[in-house]
Protein chains: 2
Amino acid sequence: MPPADHAVRLAWPGRAEFARPPLATLKVVQPGAASTRLVWGDNLSALAALGAGQERAHLVYMDPPFFTGREHTHVERSRGKDGIVRRLLPAFDDRWGSLQEYLQELGSRIQSARDLLDPAGCLVLHVDPKTSHYAKVLCDEIFGAQAFASEIVWRYRRWPAKTKNFQRVHDVLLRYVRDPETEPRFKQLYEPLAPSTAKTWGKSRQRAVVDARGRRRRSSVTEEASPGAPLGDVWDISIIAPVARERTGYPTQKPEALMARLVEACTAPDDLIVDAYCGSGTTLAVAARLGRRAIGIDQSPQALEISRKRLSALGIQAQEECLVLQKRERLRPLARAAGAAGLPVLVAGPRPA
Amino acid sequence: MPPADHAVRLAWPGRAEFARPPLATLKVVQPGAASTRLVWGDNLSALAALGAGQERAHLVYMDPPFFTGREHTHVERSRGKDGIVRRLLPAFDDRWGSLQEYLQELGSRIQSARDLLDPAGCLVLHVDPKTSHYAKVLCDEIFGAQAFASEIVWRYRRWPAKTKNFQRVHDVLLRYVRDPETEPRFKQLYEPLAPSTAKTWGKSRQRAVVDARGRRRRSSVTEEASPGAPLGDVWDISIIAPVARERTGYPTQKPEALMARLVEACTAPDDLIVDAYCGSGTTLAVAARLGRRAIGIDQSPQALEISRKRLSALGIQAQEECLVLQKRERLRPLARAAGAAGLPVLVAGPRPA
DNA sequence: GCAGTTAATGAATCGCATG
DNA sequence: CCATGCGATTCATTAACTG
């Protein structure tokens with residue numbers, strides 16, 4: 001069921017419908033036994049293959065390339081005889097013919113992600129302030145503007161750039177709920193009270209007071225301890241320090257603290273989380289730590305390798321490798337490589353009636 | 001000269017060219033003698049009338065209605081015999097037939113604002129996270145994507161709303177430079193170092209250190225005192241407290257601290273600032289305090305009245321009232337009212353050859 | 001002056017009337 | 001009926017006031 005039509009849309013020459021890979025060309029992903037799974041393949045096919053199965057996700061997180069026009073590299077560190085040796089390896093390619101080409105691909109993936117969501121679930125799309133605006137107009141088309149929940153601003157600190165402009169120190173996370181009519185999964189989190197509030201009211205919760213004439217009076221102090229202020233949509237979380245233990249060397253790695261907030265607020269234990277651009281596996285690691293089931297998708301075997309190592313370092317052995325096969329010739333090389341690497345392949349049953 | 005064509009655009013049924021009021025229908029605003037001026041009239045006409053004149057602005061600030069679908073009210077306070085009496089008066093109407101109608105009007109004003117900018121000047125458009133994305137796509141069309149400078153996030157603290165979502169606690173300010181090839185007006189401002197940085201490095205400035213093989217070493221501490229970190233694009237500034245002295249009662253009033261940052265960073269003394277939605281006159285007050293010339297435009301005589309009082313409380317007597325006249329019948333009542341109120345009317349010479 | 005106390009409110013949100 | 005509107009409810013926030 002598509003959302004109500006949105007009169008204001010993005011237009012570009014030759015804009016086509018967003019692709020929905022036909023079911024006939026896919027092997028559908030089965031519900032797996034393990035609570036953390038890795039899917040190797042094109043994420044458009046993978047999202048469609050998952051959507052054709054019976055499972056529904058409470059959170060789909062997408063951290064696509066930001067249309068930077070660059071090829072991003074993975075910094076691999078190893079111990080050589082002269083100390084630590086750094087090797088630069090290509091990780092993912094963020095070069096596109098044009099903005100419209102980028103948006104065409106992104107839109108298809110957003111659409112397939114939506115199909116995979118539970119009615120109480122949500123999509124979180126992680127972008128930067130240059131692409132977020134185009135992405136939001138696309139999302140409004142796909143989900144309906146009513147489904148827009150939050151623009152979360154992730155504010156971080158970094159080494160300043162020499163520029164005649166304000167330093168860019170934030171990313172944007174767009175959150176859409178699948179169905180605005182359904183009560184969404186949401187756990188209220190709190191942040192510390194502002195210093196000025198704490199000074200005036202201490203740690204007690206306040207209560208609004210209205211007199212007989214309907215006018216506001218001074219709020220009263222209650223016995224209850226305040227849990228803090230309900231969490232806002234601007235999050236001050238530091239980027240992964242160059243020497244941090246969680247750092248993998250994979251480019252554009254996101255901090256676990258950021259993902260933990262999202263996962264805690266938007267899902268409950270045992271819910272399914274899908275990360276369509278898995279990368280170094282931050283989402284999977286956080287999901288496992290917080291007792292959520294998770295599936296990570298990535299096209300790059302190197303990314304999956306890093307994720308697999310990271311998970312096993314956490315003692316998570318139960319994850320499986322699986323591979324989305326498209327029957328088309330294009331993905332045959334992946335399939336052959338998978339066979340050579342001894343990866344099991346999962347296929348799945350039909351969508352419930 | 002229009003910017004390079006942008007292939008990705010917003011489309012809606014019946015989208016028309018953005019209106020540029022024909023010069024023949026306008027009386028053009030003259031450069032005024034006073035450093036703070038008020039213009040009463042429709043801001044589209046007023047921006048066009050200013051653009052047809054000789055002056056160029058280094059900052060055009062626009063704080064339009066946010067497409068809230070509501071009529072906003074002004075809380076007027078006066079001293080009655082039973083204490084303070086509050087009266088609710090309509091201030092501005094933010095009800096629209098549709099999003100496209102809103103965007104059509106907004107786009108015309110953005111376009112006229114651009115025409116008025118100095119090559120080293122910039123536009124700042126203040127919106128909320130629901131409209132910012134549409135507004136940015138429009139601005140990219142009008143200015144060219146290259147002219148996009150910053151998405152500034154204004155983060156404030158407010159009473160919590162009871163909602164199954166992250167609390168919305170930020171506004172968005174989109175900044176575009178007039179000409180990306182020209183060195184923009186920009187004064188580097190600083191913010192306090194992060195606590196973790198101050199702990200490690202104290203108040204001294206750091207210097208990057210690179211060894212003979214081109215590898216980064218631990219940075220060195222310099223003698224120089226650090227001025228802080230170059231100001232970022234996420235600003236934590238409190239809203240105007242219910243009991244603050246600067247509060248006028250006019251709805252959606254912006255804090256002076258916010259405007260002061262913008263004005264200091266984006267203009268130099270004696271530069272011209274134009275506020276197309278002047279409201280209670282915050283921009284004018286700040287501009288005057290910082291020694292910038294300023295013109296405020298508003299359609300509402302009540303808004304101008306509040307601004308005039310606010311300015312005269314600051315000892316600024318030199319401001320003039322002027323009125324943009326359109327020769328069309330539609331604005332005749334305004335003109336008649338202006339005459340009745342004894343307001344002088346400024347008209348101006350032609351654009352320079 | 002400084003520190004502790006007081007005051008006022010919402011570019012909110014929700015839910016029940018009203019056509 | 002299903003939009004729309006208006007009235008009731010919310011409590012963290014911070015400048016001004018008081019002693």
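## What covers helix α6 of chain A

In this predicted model, the buried residues of α6(A) are covered by elements of chain A that include β2 (36-40), β3 (57-62), α5 (256-266), β14 (272-275), β15 (293-298) and α7 (301-313). Contact here means heavy atoms within 4.5 Å, and the elements are DSSP runs numbered from the N terminus, with helices being H or I of at least four residues and strands E of at least two.

Helix α6 itself spans residues 282-289 of chain A and is mostly covered, with six of its eight residues buried. Those are A:Thr282, A:Thr283, A:Leu284, A:Ala285, A:Val286 and A:Ala287. Buried stands for under 20% relative accessible area, exposed for over 50%, and partly exposed for anything in between, using a 1.4 Å probe and protein chains only. After α6(A) comes A:Gly291, with a positive phi near 75°.

## Helices α2 and α3 of chain A

Let's turn to a helix pair in this chain. Helix α2 (residues 99-115) and helix α3 (residues 132-143) of chain A cross at roughly 40°, their axes coming within 10 Å. Axes are lines fitted to C-alpha atoms, for helices over the stretch in contact, and angles run from 0 to 180 degrees between N-to-C directions. The two helices are therefore oblique to each other; angles under 35 degrees count as roughly parallel, over 145 as roughly antiparallel, 65 to 115 as roughly perpendicular and the rest as oblique.

Residues in the contact include A:Leu103, A:Leu106 and A:Ile110 of α2(A), along with A:Leu138, A:Cys139 and A:Phe143 of α3(A). By class, the contact has ten nonpolar, two polar and one charged residues. Ala, Val, Leu, Ile, Met, Phe, Trp, Tyr, Cys and Pro count as nonpolar, Asp, Glu, Lys and Arg as charged, and the others, Gly among them, as polar.

## Helices α1 and α2 of chain B

In chain B, helix α1 (residues 43-51) packs with helix α2 (residues 99-115) at an angle of about 20°, and their axes lie 9 Å apart. These two are therefore roughly parallel. On the α1(B) side, B:Asn43, B:Leu44, B:Leu47 and B:Ala48 meet B:Ser108, B:Arg109, B:Ser112 and B:Ala113 of α2(B). Four of the contact residues are nonpolar, three polar and one charged.

## Cysteines

Notes
Residues are numbered from 1 along each chain as its sequence is written. Chains are lettered from A and ligands numbered from 1 in the order in which they are written. This is a predicted model: local features need pLDDT of at least 70, side-chain atom pairs count only at pLDDT 80 or more; totals for chains, interfaces and linings use all residues. Side-chain values use heavy atoms; hydrogens and water are left out.
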